[in-house]
Amino acid sequence: MKVFSKLDDFLDFGWAQISRGKADKKSPARHPTFVTSSAVGFPNARTLVMRRLDRKNYQIEFHTDTASSKMTVLEENPRAVIHIWLPKVQLQIQMCVDVEVKVGDITIPNWRNIPTNSRVAYGTIPSPGTVIESPLAYNYVPNQKRFAVLICHIQSIQLLLLGSKHICANYKKTTNWQGEWLSP
Ligand SMILES: Cc1cc2nc3c(=O)[nH]c(=O)nc-3n(C[C@H](O)[C@H](O)[C@H](O)COP(=O)(O)O)c2cc1C
């Protein structure tokens, strides 16, 4: 088991694991759970593919369909939690993020970079979540106008490393990421 005595080293380790979401298609970090909540009802959690990572600016990017229900919730409360569990290294990562939603012409450069066969994820008719008569009673109609880029601005990162003695730390943007140890 890795032992960390310095907060910075632990954060570096956390970032190295988050980065695997972009570098390694097989890493569970590629498919974080994205959790939103509105003022009423249950929180919603779903899997998304990590599309871009920018450690320097503490940003993670996802792509989605403008007609998906997460968009409605984000309009009401543009905040989310990103959750990743990495079983190989026994690390849980929880990040609180402010979500910047980009739609329309500004997303055209991103859209151009998406392989044609992957564009089917944006534009399903009827909209995602609509009740349908049978399992395949929908059509893929790729549509740039239904494409949204979610830029997540990380506000805090909490790391929990399991071992014979667990280690937990929280890092916040408001304290310039200096971090503090937490009882696990
Ligand atoms: C492995 C996996 C990857 C997924 N990637 C995405 C994604 O990148 N973007 C997306 O909008 N939905 C993705 N989904 C589907 C979402 O989990 C979710 O079902 C869909 O976005 C509708 O969510 P909502 O109704 O909560 O908005 C993925 C699902 C799985 C199982």
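Biologist: What percentage of the 184 residues in the chain is buried?

Modeller: This is a predicted model. A residue counts as buried if 20 or more other C-beta atoms lie within 10 Å of its own. Of the 184 residues in the chain, the buried ones make up 23%.

Biologist: How many helices and strands does the chain have, and in what pattern do they follow one another?

Modeller: The chain contains three helices and nine strands. Read along the sequence, these elements follow the pattern α-β-β-β-β-α-β-β-α-β-β-β.

Biologist: Is C152 buried or exposed?

Modeller: C152 belongs to strand β7, which covers residues 147-161. Around C152 there are 26 other C-beta atoms within 10 Å. The threshold for a buried residue is 20 or more, and therefore C152 is classed as buried.

Biologist: Which residues is C152 in contact with, leaving aside its neighbours within four places in sequence?

Modeller: One of these residues is A80, which is 72 residues from C152 in sequence. In space, A80 and C152 are 8.3 Å apart, C-alpha to C-alpha. A contact is judged instead on C-beta atoms, which must lie within 7 Å. With sequence neighbours within four places set aside, the residues in contact with C152 are Q59, I60, E61, F62, A80, I82, V97 and V99.

Biologist: Which strand supplies the largest share of the shell around the ligand?

Modeller: There are 15 residues around the ligand, and R46, V49, T64, S68 and K70 come nearest. By class, this shell has four nonpolar, eight polar and three charged residues. At least two residues each come from β2 (44-47), β4 (59-65) and α2 (69-76). The largest share, four residues, is supplied by β4.

Biologist: Is Y58 exposed, partly exposed or buried?

Modeller: Y58 lies in the loop between β3 (52-54) and β4, and its phi is near 50°, a positive value in a residue other than glycine. Y58 has 19 other C-beta atoms within 10 Å. A buried residue needs 20 or more and an exposed one has 12 or fewer, so Y58 is partly exposed.

Biologist: In which loop is W177 found?

Modeller: W177 has a phi near 65°, which is a positive value in a residue other than glycine. With 15 other C-beta atoms within 10 Å, W177 is partly exposed. The loop that holds W177 is the one between β8 (167-172) and β9 (180-182).

Biologist: What is the omega of the peptide bond from I125 to P126?

Modeller: P126 is placed in the loop between α3 (108-112) and β7. The peptide bond from I125 to P126 is cis, and its omega is near -5°.

Conventions. Residues are numbered from 1 along each chain as its sequence is written. This is a predicted model: local features need pLDDT of at least 70, side-chain atom pairs count only at pLDDT 80 or more; totals for chains, interfaces and linings use all residues. A residue is near a molecule or strand if its C-beta atom, placed from the backbone, lies within 6 Å of it. Ala, Val, Leu, Ile, Met, Phe, Trp, Tyr, Cys and Pro count as nonpolar, Asp, Glu, Lys and Arg as charged, and the others, Gly among them, as polar. Two residues are in contact if their C-beta atoms, placed from the backbone, lie within 7 Å.
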